[in-house]
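Dear colleague,

I am passing on the structure we spoke about, together with notes on what I found in it. Please read them with the model open beside you.

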Amino acid sequence: MDQLVKKLRMLKSVSPDADFAFSSRMSVLSSSRTTPSIRLVTPGFWTGFAVMAASVIVVVFLSNIRTPNVARSISDIASIDADVAIFEEDIDITLKEIRSYGDSAKKTSVALYEASSNGPSHINSALIKKEFDTLDMELPDPEEANRLLEQAIF
Amino acid sequence: MLEDERNLITEAKGGEAEAFGRLYDYYLPMIYRFILLKVGHREEAEDLTHQVFLKAWQNMSGYSEKGFPFSSWLYRIAKNSIIDHYRRAKPSTNIDDLVNIEELISRPDIGKIDEKEELAKIMKSIGKLKETEKDVIIMRFVEDLSVKEVSDALNKSEGAVKVIQHRAIKKLQELLQKDN
């Protein structure tokens with residue numbers, strides 16, 4: 001078999017006539033080519049179409065599924081912001097009230113402490129005199145006034 | 001495969017005559033031998049070879065590789081051209097009238113008369129094979145194509161090509177023994 005294959009390979013030396021090869025080449029290459037008719041659907045059309053269709057499907061899918069979530073989350077954030085602002089205002093008001101109550105309680109306790117520990121000595125004498133001068137002696141119930149005064153002093 | 005073949009094919013598809021010219025130069029001997037060994041007549045082989053390349057050039061824009069080498073495409077055109085040729089007219093030559101071996105064998109180192117006679121016998125024996133067997137013998141052993149390339153060109157499975165090859169070689173050996 002090897003001998004046969006070797007002999008068959010020798011047939012490769014068969015070659016076309018050089019003149020024929022040259023003239024045929026010239027004739028082929030100078031012939032007008034069949035220009036493909038203008039096709040509405042080009043060879044790459046279906047690939048492009050498939051890619052475009054897939055893109056459209058993805059976009060539609062995302063717009064239907066993803067966008068509402070995003071919008072919902074955006075509106076959630078806005079409502080949360082509003083809630084937080086109201087809450088902060090409430091906290092602020094409450095803090096002011098606490099501070100105010102604290103101040104007044106402190107003042108009250110200081111006043112009570114001074115009143116209980118110092119007695120009438122802390123009262124400015126000039127102020128007492130002024131009050132005495134403006135005192136309406138014609139009060140219908142001077143005894144009541146005296147009682148209140150004594151209560152304040154003692 | 002021709003170096004830079006893909007670029008040449010792309011250029012040829014775009015209408016570059018020079019690119020197709022290089023493909024022509026490379027594949028002409030191969031296609032010519034294939035046709036000559038099939039039809040057994042030099043002038044018919046030349047006419048058919050010319051037609052093959054003319055069709056290839058004119059339909060170059062329709063060629064798409066799709067995993068098949070360019071040579072397979074040319075072989076397919078050649079096979080179809082030979083079939084059309086046989087349909088149109090009965091071959092004018094008998095295979096026994098075939099070969100003026102002096103004319104065909106151009107290689108200078110084949111000078112001995114007994115070698116030329118031996119080649120003439122082989123060519124005649126090939127002519128007696130079935131068409132598919134001829135195709136496989138020429139492509140596999142004369143052109144040294146791989147089984148894959150032959151299967152692509154003949155549109156057959158690789159297994160089928162191997163079976164045909166085995167049968168063809170056996171038949172060829174028997175024909176040569178008879179001739180001797």
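Predicted model: local features only at pLDDT ≥ 70, side-chain atom pairs only at ≥ 80, totals over all residues.

Chain B comes to 9 helices and 0 strands, in the order α-α-α-α-α-α-α-α-α along the sequence. Of the 154 residues in chain A, buried residues make up 4%, whereas 40% of the 180 residues of chain B count as buried. If one takes the contacts within chain B between residues at least 6 apart in sequence, 62% of them join residues at least 24 apart.

Helix H1 of chain B, which spans residues 5–13, has Leu8(B), Ile9(B) and Ala12(B) as its buried residues. These lie on the same side of H1(B), because they cover an arc of only 100 degrees around the axis. As a general point, an α-helix has 3.6 residues a turn, so residues three or four places apart point the same way. Arg6(B), Asn7(B) and Thr10(B), by contrast, are exposed on the other side of H1(B). The partners against which the buried residues of H1(B) pack are helix H2 (17–39) and helix H4 (70–88) of chain B.

The largest nonpolar core has 53 residues, and those with the most contacts inside it are Ile31(B), Ile35(B), Leu74(B), Ala78(B) and Ile137(B). Two or more residues of this core come from each of H1, H2, H3, H4, helix H6 (113–127), helix H7 (131–142), helix H8 (147–154) and helix H9 (158–179) of chain B, and H2(B) gives the most, with 14 residues. The core also draws at least three residues from each of domain 1 (1–93) and domain 2 (104–180) of chain B. Leu74(B), when residues up to four places away in sequence are not counted, touches Tyr27(B), Ile31(B), Val52(B) and Ala56(B).

A residue that deserves a separate look is Thr49(B), which is found in helix H3 (residues 42–58) of chain B. Is Thr49(B) buried or exposed? Thr49(B) counts as buried, because it has 25 C-beta neighbours inside 10 Å. If its neighbours within four places in sequence are left aside, Thr49(B) is in contact with Leu28(B), Ile31(B), Tyr32(B) and Ile35(B), and also with Pro16(A) from the other chain. Thr49(B) and Ile77(B) are 28 residues apart along the chain, and their C-alpha atoms are separated by 9.8 Å.

That leaves the contact between the chains, which takes 24 residues from chain A and 33 residues from chain B. On the side of chain A that touches chain B, the elements giving two or more residues are helix H1 (2–10) and helix H2 (18–30) of chain A, and H2(A) gives the most, with 7 residues. Sorted by class, this side of chain A has 13 nonpolar, 6 polar and 5 charged residues.

With best wishes

Conventions:
Residues numbered from 1 in each chain as written. Chains lettered and ligands numbered in written order. Buried ≥ 20, exposed ≤ 12 C-beta atoms within 10 Å, placed from the backbone. Helix = DSSP H or I, 4+ residues; strand = E, 2+ residues; numbered from the N terminus. Arc of directions from axis to C-beta. Contact = placed C-beta atoms within 7 Å. Nonpolar A, V, L, I, M, F, W, Y, C, P; charged D, E, K, R; others polar. Core = buried A, V, L, I, M, F, W, Y, C linked by C-beta atoms within 7 Å. Domains from an automatic or database assignment.
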